[in-house]
Amino acid sequence: MKKTTLLVLLILINSSLFSQTEKEKVLNTVDKNQIEGHIYFLSDDLLKGRATGSPENKIAASYLANTFRGYGVLPNPKTGNYYQEVNLEKITPPSQSSISINNKVLEKLAILKANPIDFNGNAIHLGFGLESDYKGKELSNKIIIIKAGNSENQDVRTAFRMRKEKIELAKQHKVLGIIELINTNEQTWGYIDHNFNADKIIVATKEDSEKKESNFVYTWVLDEDGNIGTDLESINEVPISLMMSAEITTPVISQNVIGVVEGSDPQLKNEYIIYSAHYDHVGIGTADKTGDTIYNGARDNAVGTTTVLSMAENLAKYPTKRSALFILFTGEEKGLLGSEFYVENPVLPLHQMVYCFNSDNGGYNDTSLATIIGLERTTASKNIKDAAIAFGLTAIDDPAPEQGLFERSDNVHFAKKGIPAPTFSMGFTSFDGEVTKYYHQPGDEAITLDYDYLLKFFQAYVLSGRNIANDPNTPFWVSGDKYEEKGKALYNN
């Protein structure tokens, strides 16, 4: 009995010593001054918000690549440098567009699908443009005018969610175009205008349905007080004029930044932990009340980028049993483009990637926390919680599920392939207030951050990664997770 007790004590002591050693390795590399230096550089006005495809975005990529080089991180195994070229296309909206209904020119248009058209004739008023509205009607080569949403909800969120369904129905009935009436306020319309009428970027290799539609057009029209829709309720055919010039497509080359550190264990080094973040931001936009037009993106996502740099420096000095693949993505703000491109063009086999430890941020409102989107969805949750506690923080799961944050960052493309992929974020208990004050705003600058908190946050991330990478048990999705079956297929479980 005494021998058994002594053995248990020795195991506990050795375990404690190992944990302390891992913590010491973190303390030896994660430095507050260096953290500040990275964040201040990446969010400097000179980088003009790091917009995807911009020269300033390339400067940021060069800075990150050379930081990897300086740490001794190995380059992208496919290219021999630290870059993966990401082939994109910039789509510039039509320079000319106009709509009149019943001889009334409408000023506020949002173009969802563009093609050259010059139409003068009658449009068909078709309710909400749903399947029941099409019954018994011949609408080939017709323009239809529809109300937003459905009979239960006519708000913008519902209209946005239903747009694909309405497009598919229109295509099935060979409709030439849709004009949808959106009853909302000027502020919300401003967001709509920015989303649909600005340049957009897509992955060049992506199969884009717009390229296959030779003449289909789809526009939203602001009907702020609902008068247009009311006037049309009793009318079947409506005289309209619809003119639109062609959109312009331009090739864009951007870069994912990639590095590798080999693991120390002869067997486990064949398994990789991905440490990822996006380094782009939204560039230059509407001025705030101070006149500032540069959206610096200190929180989103110079912090996340620096988190991965901290991991890279630590692992280059103290490798873990499993290998590490570092990926800093471009194009996240344009629709998760860099990660979308990567999972279809991986530099190492995806089945060797056993975990993707992403880091992305909007802001924080509680400096006692680290908020991990998807914390309880993988078997590595204890590794993360223990690391947070070691540096005086508490790890919590997503407090704002209504925001759909798991699906809104680069981790989701890896999850869809079956790779367990949570996102490590600064502490927040709600996605409002101090978070939205800075989220996608010009005021998101390095000087506004709490670096004492960030030091603990970065230390917790690095120790979390070390815990996961040294754990003899390979991490996986918890039973019943949405992506569990994808994971089983990927890993042949």
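1. Start with helix α11, residues 381–390. Its buried residues (under 20% relative accessible area, 1.4 Å probe, protein chains only) are Ser381, Asn383, Ile384, Ala387 and Ala388. Seen down the axis of α11, they fall within an arc of 165 degrees, so they line one face of the helix. The arc is taken from the directions from the helix axis to the C-beta atoms. Helices are DSSP runs (H or I, at least four residues), and strands are E runs of at least two; both are numbered from the N terminus.

2. This is a predicted model: local features need pLDDT of at least 70, side-chain atom pairs count only at pLDDT 80 or more, and totals for chains, interfaces and linings use all residues. Residues are numbered from 1 along each chain as its sequence is written, and side-chain values use heavy atoms, with hydrogens and water left out.

3. Look at the other face of α11. Turned away from the buried side, it carries Lys382 and Ile389, both exposed (over 50%).

4. What do the buried residues of α11 pack against? Their partners are strands β17, β18, β19 and β20, plus helix α13 (451–470). Just after α11, Gly392 has a positive phi of about 80 degrees.

5. Now helix α2, residues 32–42. Ile35, His38, Ile39 and Leu42 are buried there. They fall within an arc of 90 degrees, so they line one face of α2. Their cover includes α3, α9 and α13.

6. Asp31 caps the N-terminal end of α2. One of its side-chain oxygens lies 3.1 Å from the backbone nitrogen of Asn33.

Conventions
Contact means heavy atoms within 4.5 Å. A polar contact is a pair of N or O atoms within 3.5 Å; within protein, one must be able to donate a hydrogen and the other to accept it, and residues adjacent in sequence count only if both atoms are side-chain atoms.
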